[in-house]
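Morning, everyone. Please bring up the model on your own screens, and we will walk through some backbone and packing details.

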Amino acid sequence: MVHCARCGATIAQDDERYELSGQTVCEDCYLDRVAVPKVCDPWAVYSAKKTGEGQGGLTERQKKILGLLEENGPVPLETILEKLGMDENAFRADFAVLRHLELAKATKVGEQVCYTLFRSSSS
Ligand SMILES: [Zn+2]
């Protein structure tokens, strides 16, 4: 039995097993890492957590991202950038905040990494 090196989840199947910096991780942790390669702005995450009761501390742009995900999710990166007219770095910084607040997450649709609400209303 294999366990995820990051969250400790049991990895039952080979296709849910990913290598990350020499460690074996589950799909969720892998997608997190792919979606947020590094913590772009720890201070933004901190202040969002501190001031954000629910979505109160989000910026207008972060709210737009959530709105887009709510209407269309899961959405690939290119679609988000195109619809909101933002660049990839800006999106990743915002996404890092939304992910830490457990409002949005990455998910896999086929072979493509997409972004969706953390708690999908359809499930
Ligand atoms: Zn994990």
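Start at E102, in the loop between α5 (88-100) and β6. This is a predicted model, so read every value as computed. E102 is not a glycine, yet its phi is positive, about 60°. How exposed is E102? It is partly exposed, with a relative accessible area of 37%.

Now move on to β6. It covers residues 104-109. β6 pairs with β7, residues 112-117, in the antiparallel sense, over six bridges. The two strands form a hairpin with two residues between them. V109 has Q112 in β7 as its bridge partner. In the turn, G110 has a positive phi of about 65°.

β7 has another partner. Strand β5, residues 75-76, pairs with β7 over two bridges, in the antiparallel sense. There, V75 stands opposite Y115 in β7.

Step back from β5 into the loop. P74 sits between α3 and β5. Which way does the peptide bond from G73 to P74 go, cis or trans? It is cis, with omega near -5°.

Next, the helices. α3 is residues 60-72 and α4 is residues 77-84. They pack at an angle of about 125°, and their axes are 11 Å apart. Oblique takes in angles between 115 and 145 degrees, so α3 and α4 are oblique to each other. Their crossing is right-handed. Who meets whom? On the α3 side we have K64, I65, L68, L69 and N72. On the α4 side, I80, K83 and L84. By class, that contact has five nonpolar, one polar and two charged residues.

Last stop, the other hairpin. β3, residues 17-20, and β4, residues 23-26, pair in the antiparallel sense over four bridges. E19 has T24 in β4 as its bridge partner. Two residues lie between the strands.

Look at S21, in the loop between β3 and β4. Its phi is positive, about 50°, although S21 is not a glycine. Is S21 buried or exposed? Its relative accessibility is 68%, so S21 counts as exposed.

How values were computed:
Residues numbered from 1 in each chain as written. Predicted model: local features only at pLDDT ≥ 70, side-chain atom pairs only at ≥ 80, totals over all residues. Heavy atoms only, no water. Buried < 20%, exposed > 50% of the residue type's maximum accessible area, 1.4 Å probe, protein only. Pairing = 2+ DSSP bridges. Axes fitted to C-alpha atoms, helices over the stretch in contact; angles between N-to-C directions. Parallel < 35°, antiparallel > 145°, perpendicular 65-115°, else oblique. Left-handed = near helix turned anticlockwise from the far one by under 90°. Contact = heavy atoms within 4.5 Å. Nonpolar A, V, L, I, M, F, W, Y, C, P; charged D, E, K, R; others polar.
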